[in-house]
Amino acid sequence: YGAINLHPIHLQKDSLLIALPSQIAESNNLDENFKGTFLVMSEHFLSRINIGDAYLFHMRVENNPLYHLDERTATTFRSLIDLVHNIMLSGDNSSGMEEIFSLISRLFYIMISRIINPSSDETGQRHGEVMMQFLQLLRHHYRDHRDVAFYAEKMNISAKYMTTLVKRASGKSAIQWIEDYVILDAK
């Protein structure tokens with residue numbers, strides 16, 4: 001048992017839990033037989049691999065972080081994790097290693113995208129790009145900056161334009177997003 005952003009989750013065999021950098025993850029009452037594998041990637045690393053419409057992916061995962069995998073998909077994920085583990089154990093620090101990890105990460109993303117099945121709405125692509133950039137800035141600055149103008153200036157767009165795109169992309173205003181981050185942090 002655990003929680004993501006204070007919402008309870010129940011892990012079971014072949015579960016895939018995706019916790020985003022902006023989320024609070026808790027574990028409670030773990031059974032002594034619990035085994036899990038954690039794959040952690042920095043936000044910087046993820047920003048360098050091409051993952052398509054990152055905002056749609058982010059929103060889908062934020063609203064539903066837990067997925068139960070079928071046996072075949074779970075086995076494939078375990079194989080990929082074993083591959084990453086074996087590469088890391090090889091101790092090879094050549095310049096090509098980052099590219100190898102980038103390719104494997106891309107493969108993880110493609111597999112996860114198929115599981116969560118995000119829709120691909122090209123008309124909302126600009127909305128998604130602005131929204132994702134806003135959320136990245138928000139995760140880093142919400143404690144010190146709670147005004148929309150700060151984020152718009154960082155993105156080199158007007159506050160009105162940013163507010164419009166954020167509202168269209170998410171259904172929530174930029175100020176609501178800022179307030180939600182502050183409240184979650186306080187909780």
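Student: How do you know how far to trust the model?

Tutor: This is a predicted model, in which local features need pLDDT of at least 70 and side-chain atom pairs count only at pLDDT 80 or more, while totals for chains, interfaces and linings use all residues. Residues are numbered from 1 along each chain as its sequence is written, and side-chain values use heavy atoms, with hydrogens and water left out. The term pLDDT is the predictor's confidence in each residue, from 0 to 100. The protein chain has a mean pLDDT of 80, with 85% of its residues at 70 or more.

Student: What makes a stretch of the chain a helix or a strand?

Tutor: Both are DSSP runs numbered from the N terminus: helices are H or I, at least four residues, and strands are E, at least two. On that basis the protein chain has eight helices and five strands. Their order from the N terminus is β-β-β-β-α-α-β-α-α-α-α-α-α.

Student: Why is Val148 called buried?

Tutor: Buried means under 20% relative accessible area, exposed over 50%, and partly exposed in between (1.4 Å probe, protein chains only). Val148 has a relative accessible area of 16%, and is therefore buried. This residue is in helix H6. Of the 187 residues of the protein chain, 35% count as buried.

Student: Which residues are in contact with Val148, leaving aside its neighbours within four places in sequence?

Tutor: Contact means heavy atoms within 4.5 Å. By that criterion, Val148 is in contact with Ala159, Met162, Thr163, Ala174, Ile175 and Ile178. The C-alpha atoms of Val148 and Met162 are separated by 8.4 Å, the two residues being 14 apart along the chain.

Student: What makes a group of residues a nonpolar core?

Tutor: Such a core is a set of buried Ala, Val, Leu, Ile, Met, Phe, Trp, Tyr and Cys residues joined through side-chain atoms within 4.5 Å. The largest has 21 residues, and Phe134, Leu138, Tyr151, Met162 and Trp177 have the most contacts inside it. Helix H5 (125-141), H6, helix H7 (159-170) and H8 each give two or more residues to this core. H5 gives the most, six residues. Leu138 touches Tyr151, Trp177, Ile178 and Tyr181, not counting residues up to four places away in sequence. Apart from this core lies another, of 19 residues, including Ile18, Leu80, Val84 and Ile104.

Student: How many residues line the second largest pocket, and which are the closest to its centre?

Tutor: The second largest pocket has a volume of about 650 Å³. Of its 26 lining residues, Asn5, Ser22, Gln23, Glu62 and Leu184 are the closest to the centre. Strand S2 (7-9), helix H2 (54-63) and helix H8 (174-186) each give two or more residues to the lining. H8 provides the largest share, six residues.

Definitions and conventions:
1 Å grid on protein atoms, 1.4 Å probe; cavity = no way out; pocket = protein on both sides within 12 Å on 5 of 7 lines; lining within 4 Å. Points joined across faces, edges and corners; volume = space filled by probe spheres on them.
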